[in-house]
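Q: Could we go through this structure together? I would like to start with a term and then move on to the fold.

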Amino acid sequence: MRLNDSLLGAILLGFAGWVWWLTSFFPAFPGQDYGPNLFPRILAAGIGLCAATLLLRGLRARGKLLTLEAWTREPSRLLSFLLLPGAVVFYIVASDRLGFIPTAFLILLSLFLWFRARVVVALPVAAGMTLLVHWFFAGLMRVPLPRGLMDSLL
């Protein structure tokens with residue numbers, strides 16, 4: 001599946017505008033020239049510039065807006081493509097109830113097995129990566145990750 005650059009540029013330009021608008025609701029820090037909206041706005045401006053470039057390049061090319069490749073007609077490949085956003089949706093829905101560790105482990109193990117990794121490799125890699133990501137974000141970065149079922153253990 002291929003999107004024309006003008007369509008992708010328009011989507012990204014809308015996203016950049018949305019981020020810029022959302023940052024207008026961030027509170028200002030008294031006595032400072034900049035606040036918490038500075039970094040997201042810098043990112044939004046960069047995305048907006050790249051999106052405008054894509055939009056202009058796509059309009060000049062005048063091709064089809066959407067071209068479906070052969071793989072989109074193969075159900076297993078289409079399912080493989082949809083599993084990644086499906087994993088994100090599953091994390092959003094299940095992580096508060098299950099917790100980060102079980103949810104991330106289930107997602108990684110399922111994806112490894114779907115993409116034909118051997119079970120003897122998939123189990124320790126899924127467990128190790130889950131613990132490594134948890135340690136990095138919860139331990140080093142102090143990001144509060146959902147505890148869910150693991151609340152009494154953590």
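Predicted model: local features only at pLDDT ≥ 70, side-chain atom pairs only at ≥ 80, totals over all residues.

Q: Where is L56 placed?
A: L56 belongs to helix 2.

Q: And how far apart are L56 and G9 in space?
A: Their C-alpha atoms are 8.2 Å apart, while 47 residues separate L56 and G9 in sequence.

Q: Which salt bridge has D5 in it?
A: D5 pairs with R57 through their side chains, with an N to O distance of 3.1 Å. This pair links distant parts of the chain, 52 residues apart: D5 sits in helix 1 (residues 5-23) and R57 in helix 2 (residues 38-61).

Q: Are those two buried or exposed, or something in between?
A: D5 has a relative accessible area of 23%, so it is partly exposed. R57 is partly exposed as well, because its value is 49%.

Q: How many salt bridges does a search of the whole structure find?
A: The search finds two. Besides the pair of D5 and R57, E74 forms a salt bridge with R77, and their closest N and O atoms are 3.6 Å apart. E74 counts as partly exposed because its relative accessibility is 34%. R77, with a relative accessible area of 48%, is likewise partly exposed.

Q: Let us step back to the fold. What pattern does the protein follow along the sequence?
A: The order is β-α-α-β-α-α-α. The protein is more spread out than a compact globule, because its radius of gyration is 21 Å, well over the 15 Å that the globule rule gives for 154 residues. In total there are five helices and two strands.

Q: What does the C-alpha trace span along its principal axes?
A: It spans about 60 × 55 × 20 Å.

Q: What percentage of the residues is buried?
A: Buried residues account for 20% of the 154 residues. The accessible surface of the protein is about 11300 Å², and carbon and sulfur atoms contribute 72% of that area.

Q: And the contacts: what share joins residues at least 24 apart?
A: Counting contacts between residues at least 6 apart in sequence, 63% join residues at least 24 apart.

Q: Now the surface. Which residues form the nonpolar patch?
A: The patch consists of V120, V121, V125, M129, L132, W135, F136, F137, L140, M141 and V143, and together they have about 980 Å² of accessible area.

Q: Where is V120 found, and what does its accessibility say?
A: V120 is in helix 5, which covers residues 119-140. V120 counts as exposed because its relative accessibility is 64%.

Q: What about the phi of R142?
A: R142 also is not a glycine and has a positive phi, of about 60°. R142 belongs to the segment after helix 5. R142 has a relative accessible area of 66%, so it is exposed.

Q: Finally, where is confidence lowest, and where is it highest?
A: The lowest mean is 74, in strand 1 (residues 2-3), and the highest is 97, in helix 4 (residues 100-114). For the protein, the mean pLDDT is 91, and 99% of its residues reach 70 or more.

Note on methods:
Residues numbered from 1 in each chain as written. Heavy atoms only, no water. Patch = residues over 30% accessible without salt bridge, like charges linked within 9 Å, V, L, I, M, F, W, Y side chains within 5 Å. Areas by Shrake-Rupley, 256 points an atom, 1.4 Å probe, with all protein chains shown as cover. Salt bridge = Lys/Arg side-chain N within 4 Å of Asp/Glu carboxyl O. Helix = DSSP H or I, 4+ residues; strand = E, 2+ residues; numbered from the N terminus. Buried < 20%, exposed > 50% of the residue type's maximum accessible area, 1.4 Å probe, protein only. Rg over C-alpha atoms; globule rule 2.2 N^0.38 Å. Contact = heavy atoms within 4.5 Å. pLDDT = per-residue confidence, 0-100.
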